[in-house]
Each structure stands twice: as structure tokens, then as C-alpha cells.
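Here is a friendly tour of one protein model, written for someone who likes cut-offs spelled out. Please keep the viewer open as you read.

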Amino acid sequence: MKSRGEPITVLTCYDYLFARILEEEGVDMLLVGDSLGQVVMGYDSTLPVTLDDMIHHSRAVRRGAPRTFTVVDLPFLSYQASTERAIESAGRVMKETGAHGVKLEGADDQTCRTIRRLVQAGIPVMGHLGFVPQSVHALGGTRVQGRDAQGADRLESEAEALQEAGCFSIVLELVTGSVARRISEGLEVPTIGIGAGPGCDGQVLVLPDALGLNPGFNPRFLKRFADLAEASRRGVRDYISQVKERAYPGPEHTFGEEG
Ligand code: KIV
């Protein structure tokens with residue numbers, strides 16, 4: 001798709017019913033992101049998410065979208081401590097969910113060694129650069145990366161290191177548009193941007209944010225493609241009032257003797 005110049009569409013997904021919708025509508029790739037920590041589990045970061053949480057949700061997604069290329073995030077501390085630990089974690093994801101690959105964050109030497117071993121073991125790996133949420137505290141908060149020349153150069157060399165280590169694709173999160181474009185043009189593998197502008201080879205959004213289920217979250221890069229929060233509130237209000245008024249269930253919702 002990159003060589004054809006066709007933008008790659010990616011959405012995060014965490015459950016069976018949305019996975020079915022995303023597959024039926026033809027999204028190119030699903031990401032079971034550890035953003036599930038915030039948008040599904042209500043934590044204030046991705047740090048508390050466990051490997052078991054990721055596997056549980058990924059299995060549901062795979063049942064809903066059995067034909068769509070699906071990548072699963074390795075959560076915080078399931079791969080950083082050692083390459084062996086990373087192989088065990090990624091191996092569990094691949095065996096227990098049927099996913100097609102894993103994603104991990106960063107590009108330091110240890111991470112690149114780990115990526116090489118995972119790829120050698122037959123596990124496709126997606127990288128993730130820029131703002132890397134598992135390092136939110138080390139980065140001093142949610143910040144756009146690559147704004148100064150030194151940061152931009154570092155991102156560029158990290159992207160090259162990830163490609164060289166064997167990543168099939170790289171997420172660029174909260175990176176200035178010009179730096180993301182330059183990185184994308186310099187790589188053979190596709191970049192997938194979130195808050196990184198139109199110069200990436202594809203785009204990813206967190207599904208509940210994209211569908212308007214998370215109204216308090218308003219970063220500049222986010223566009224809401226639906227207003228599910230309002231639609232849901234309206235539906236719940238109607239249900240409550242119709243039950244209270246005995247308007248629901250009606251005769252058409254009630255079983256008779258005849259079957
Ligand atoms: O966890 C996630 O949803 C992600 C995307 C923001 C790329 O990593």
C-alpha cells in the first residue's frame with residue numbers, strides 16, 4: 001500500500017461487536033492498543049494494563065474480525081526487562097489470540113535487540129516512536145516530540161534503527177508534521193500516524209475517541225467521526241422514560257401462547 005501511495009487505515013479495537021463493524025466496513029488493520037487501560041478500564045494511563053488484559057480483549061477482537069490483520073500491544077513491563085521475557089509475552093499473544101503481530105514502544109539498543117529476536121522467531125513487530133505512552137512519566141507528560149532539531153534528528157535515527165531491526169511498520173505519535181513526513185519519506189516500511197499529520201503512510205485513531213464516546217478528550221489532532229456519546233445518552237434516556245411510563249415493552253415485544 002505504501003508503494004502504491006494508498007493511505008493505510010488503522011483503528012484501535014477492544015471488543016467483539018466493534019471488531020465485527022470494523023471488519024465489515026473494511027478497515028485495513030486493527031490495533032488492540034493498551035489504550036484500553038484508559039478507554040475501556042478507566043485507568044489514567046496505560047501503565048496498569050497487564051498481558052492477561054491484552055490477551056482477553058484481543059481474543060474477543062479476533063472472534064469479531066477473523067479476516068482482518070490485527071496487531072496487539074505488548075503492555076508496560078511485559079518486554080522491557082529482557083529479550084526472553086519479551087519472547088514469552090509476544091509468544092503468548094500470538095498463540096493465545098491468533099493475532100498477526102505485536103507492537104512495542106521505543107528504540108533504545110535493548111528494544112532493537114529484542115525486536116530482532118522476535119522477528120527471527122517469526123513474530124512480526126510494529127514499532128512506536130514519538131510520544132510513547134508507557135514512558136509518560138519519563139517524558140514529563142503528554143508532549144509533542146521532535147519540535148527541536150536535536151529531537152527531530154533523534155526520531156529520524158530511531159525510525160531507521162527500528163526498520164533495520166525488522167519492524168514491518170512504525171507508529172508515529174504526537175510528532176510534528178514536517179518531521180513525520182521526512183521520516184515517512186525516508187523509510188521503506190510504512191508509518192502510521194496519530195497526531196503526526198498527513199505525511200504518514202497511514203493513520204490510526206483510538207476508536208472511542210474517533211466515534212465521540214470520550215467527550216472530555218479534545219486534543220488538536222482528534223476529529224470526531226460520530227457522536228456516540230450523545231446517541232447513547234438519548235437511547236438510555238428513552239429506555240428509562242418508556243419503562244417508567246409503561247410504554248415499553250408493548251404487545252409487539254411480548255410473547256403470546258401461540259409462539
Ligand atoms: O494503545 C494505543 O491505542 C496505541 C495507539 C495510540 C497507536 O498505541
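A crossing is called left-handed if the near helix is turned anticlockwise from the far one by less than a right angle, and right-handed if clockwise. By that rule, helix 6 passes helix 7 in a right-handed crossing. Helices (H or I, at least four residues) and strands (E, at least two) are DSSP runs, numbered from the N terminus.

A word on the source: this is a predicted model, in which local features need pLDDT of at least 70 and side-chain atom pairs count only at pLDDT 80 or more, while totals for chains, interfaces and linings use all residues. Residues are numbered from 1 along each chain as its sequence is written, and side-chain values use heavy atoms, with hydrogens and water left out.

**The chain as a whole**

The protein chain has nine helices and eight strands. Its C-alpha trace spans about 70 × 40 × 40 Å along the principal axes. Of the 259 residues, 46% are buried, where buried means under 20% relative accessible area, exposed over 50%, and partly exposed in between (1.4 Å probe, protein chains only). Contact means heavy atoms within 4.5 Å. Among contacts with a separation of 6 or more, 55% join residues 24 or more positions apart.

**Helix 6 and helix 7**

The axes of helix 6 (residues 149-165) and helix 7 (residues 177-186) come within 10 Å and cross at roughly 30 degrees. These axes are lines fitted to C-alpha atoms over the stretch in contact, with angles running from 0 to 180 degrees between N-to-C directions. The two helices are therefore roughly parallel to each other; angles under 35 degrees count as such, over 145 as roughly antiparallel, 65 to 115 as roughly perpendicular and the rest as oblique. Helix 6 brings Ala152, Asp153, Leu155, Glu156 and Ala159 to the contact, and helix 7 brings Val179, Arg182 and Ile183.

**Cysteines and a glutamate**

How many disulfides does the structure hold? It holds zero, a disulfide being a pair of cysteine sulfur atoms within 2.5 Å. The sulfur of cysteine 112 has its closest cysteine sulfur in cysteine 167, at 7.4 Å, which is too far for a bond.

| Residue | Relative accessible area | Class |
|---|---|---|
| Cysteine 13 | 0% | buried |
| Cysteine 112 | 6% | buried |
| Glutamate 96 | 31% | partly exposed |

Glutamate 96 sits in helix 4 (residues 83-97). Leaving aside neighbours within four places in sequence, glutamate 96 is in contact with Ile55 and Arg59.
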